[in-house]
Each structure stands twice: as structure tokens, then as C-alpha cells.
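Please look over the chain shown below before reading the briefing that follows it.

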Amino acid sequence: MASDVTIRPAVEDDLGDIAAIYNHEIATSVATFDLEPPTLEYWKQRLVGQHPGDHLLVAVDAGQDVVGYAYSWSYRPRPAYSLTRETSIYLDPAMRGRGIGTRLYPALLDTMAGAGVHTAVALVAQPNPSSVALHRACGFEHVGTMREVGFKFEKWIDVEWYQKMLG
């Protein structure tokens, strides 16, 4: 259950577990449009982000194993977008449906708001009813759909945009 996990900022020792969760999604789902696992350097960049709105939080179990993570990162590189951050959340498949996402995602959003981020945006590849439900439960609203913008597993994939105003 969600009460069995702790939410905290990620540390370098978490990056292997984070990568394993993400690499599973690359291989088995359309939750990410990556086709190859990113390097450890990619995850180190997420960990040390250069912007006050860049955050990487983890949910860890009693044994300190990472069971999920959420991060915020640049939405677009132009300066006028600096207070808008894109968010992502991924959970270990064995841990889904236990309320971890509804603790982890709000913790990320609160951290972002505390850093002065104004707007959070998220993309959800379709179909993904559990991710849609999580985003709605965390106060995001659907703001648009882009049709057939991704191609993975020999099929075209729609992406829905979600947005939450933080400040």
C-alpha cells in the first residue's frame, strides 16, 4: 500500500532502479516514445537539473528499493517557457494500483510549486486509462489531443495533453 512507501528526492544510488523501471516501459508500453534505453548520463542530468523547477522524486519501499519516480523538466528551451515544466511519472508494474502515484505525483507538484513553477504539463500516450485517471485525480485537466504523433510497436499513437496551474 501507499503507506508502506516514502517519497523523497532521488539520489545517485537510485538511478539504476529508476532506469530499470523506465527501460521496462520502453520495451513493453507506449508510455514512453523512447525506443532505446537512455544512458546513465541522461539520468544523472535529470538528477542534478540546472533549473529550480527540475526535480526527480522517488517512492521507496521499506527496503529502500525504488518502486516509482516522478520528475519535472524543461517544457521547451525558450526562456519565456521557464516557469512551465513538463512532468512524468513511472511506477514499477508490480506496484501499480496501490495509491503510490497519488502520493508521488502531488509531492512532485508541491515541490515544483515551491520552486516557483507556474504550470505543469504532461503528455499521456493513448490508450492509458490509469495514467489519465491519475492525472485527473491530481488536478490536471485535459487540454488537447494530438493524433498519430508517435509510431511504436508498428502502430500510430495519439497523445493527450494535460495541464495543471500551480501558481
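A contact is counted when heavy atoms lie within 4.5 Å of each other. By that rule, residues 24 or more positions apart account for 64% of the contacts in the chain with a separation of 6 or more. This is a predicted model, in which local features need pLDDT of at least 70 and side-chain atom pairs count only at pLDDT 80 or more, while totals for chains, interfaces and linings use all residues. Residues are numbered from 1 along each chain as its sequence is written, and side-chain values use heavy atoms, with hydrogens and water left out.

**Fold**
- The chain has four helices and seven strands, which are DSSP runs numbered from the N terminus (helices are H or I with at least four residues, strands are E with at least two).
- Read from the N terminus, the order of these elements is β-α-α-β-β-β-α-β-α-β-β.

**Overall dimensions**
- Along its principal axes, the C-alpha trace spans about 40 × 35 × 30 Å.

**Burial and surface**
- Of the 167 residues in the chain, 44% are buried, where buried means under 20% relative accessible area, exposed means over 50%, and partly exposed lies in between (1.4 Å probe, protein chains only).
- Phenylalanine 33, which lies in the loop between α1 (15–28) and α2 (40–48), counts as partly exposed because its relative accessibility is 35%.
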